[in-house]
Each structure stands twice: as structure tokens, then as C-alpha cells.
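User: I'd like to go through this one together, a question at a time. Can you take me from the whole chain down to single side chains?

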Amino acid sequence: IDNINDYYDQNLKKDRLKNLNQIFKDDKKWIFEKIDLEDKSSLEFVFSKHKPNIVVNLAAQAGVRYSIENPESYIKSNIVGFFNLLECCRNFNVENLIYASSSSVYGGTKQLPFSEDNFAN
């Protein structure tokens, strides 16, 4: 699942998707769905259709500075989208969820610029 948004070059994303499709061309378990995680009904449809037992979530709106300029994008993707994913995992009895935190999680630090070495307050 990916929404192929325009934060990064969409051609790069589409090229990577072509590569994945080529790698997994003979694997019936490989399926790509172009949806936003914040679109709850579409996400529920995908879960009901494919019935995953393992979910790996690498999705997040990237860009720490972008979060200051466009916080709504972060709320939709990183909070609403992740919540929807958690609810689908719960409601469709997913056995395992693996997720990676957004690089934007720095806590309440006032130290600028943000650094991965900062402690989350």
C-alpha cells in the first residue's frame, strides 16, 4: 500500500514499484494497492480482500521541517493513517505488526536544529 504522494519525486516511486513488480512477478502474494492510510474505508476493503496475517508499516509523512510548514499532512498520515492501520490490524485479527517510527519523532525538545541525538522529552 502506498499513496504515491508528491513529497518525493513520483517517478522515482513509480520506478521502484516497477522494480518490485518485476522481482515479484511470479509471486501471487505480491499485490500493490494505491491508497492513503487515512482513507479508512479503502484500507478496510484491502484488509478484508487480502486478509493479511503480518503487516509491516513503513509509511509516514517525511520531512521534519515540512511538518512545521504543513502539520495537517503529518496529522493525516502519521496519526490518522497509523490509527486506521492499527484498527484494521485489530479488527481483522492480524497476528503481527512491525512498524518503523517516523524520523520526525523528536519529542518536545526546543533545541534547534532537530537532531537524532536529542532525547525525547
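User: What share of the contacts in the protein chain with a separation of 6 or more comes from residues 24 or more positions apart?

Analyst: Quick note first: this is a predicted model, where local features need pLDDT of at least 70, side-chain atom pairs count only at pLDDT 80 or more, and totals for chains, interfaces and linings use all residues. Residues are numbered from 1 along each chain as its sequence is written, and side-chain values use heavy atoms, with hydrogens and water left out. A contact here means heavy atoms within 4.5 Å. On that basis, the share for the protein chain is 61%.

User: In what order do the elements of the protein chain run from the N terminus on?

Analyst: Helices (H or I, at least four residues) and strands (E, at least two) are DSSP runs, numbered from the N terminus. The protein chain has four helices and two strands. Their order is α-α-β-α-α-β.

User: At what angle do the axes of helix α2 and helix α4 cross?

Analyst: Two packed helices are described by the angle and the distance between their axes. Axes here are lines fitted to C-alpha atoms, for helices over the stretch in contact, and angles run from 0 to 180 degrees between N-to-C directions. The axes of α2 (residues 40-50) and α4 (residues 71-91) come within 10 Å, and they cross at roughly 35 degrees.

User: Which residues of α2 and α4 make the contact?

Analyst: By class, this contact has five nonpolar, one polar and two charged residues. Ala, Val, Leu, Ile, Met, Phe, Trp, Tyr, Cys and Pro count as nonpolar, Asp, Glu, Lys and Arg as charged, and the others, Gly among them, as polar. From α4 come N84, L85, C88 and C89, and from α2 come K40, L43, E44 and F47.

User: How are the rings of Y7 and Y8 arranged, stacked or edge-to-face?

Analyst: Rings of Phe, Tyr and Trp (its six-membered ring) pair if their centres lie within 6.5 Å; planes under 30 degrees apart count as stacked, over 60 as edge-to-face and the rest as tilted. The count comes to four aromatic pairs. For Y7 and Y8, the centres are 5.0 Å apart and the planes at 80 degrees, so the pair is edge-to-face.

User: Is F47 buried or exposed?

Analyst: The rings of F47 and F92 have centres 5.8 Å apart and planes at 45 degrees, so they form a tilted pair. F47 sits in helix α2 and F92 in the loop between α4 and β2 (96-99), 45 residues apart. Buried means under 20% relative accessible area, exposed over 50%, partly exposed in between (1.4 Å probe, protein chains only). F92, at 30%, is partly exposed, while F47, at 2%, is buried.
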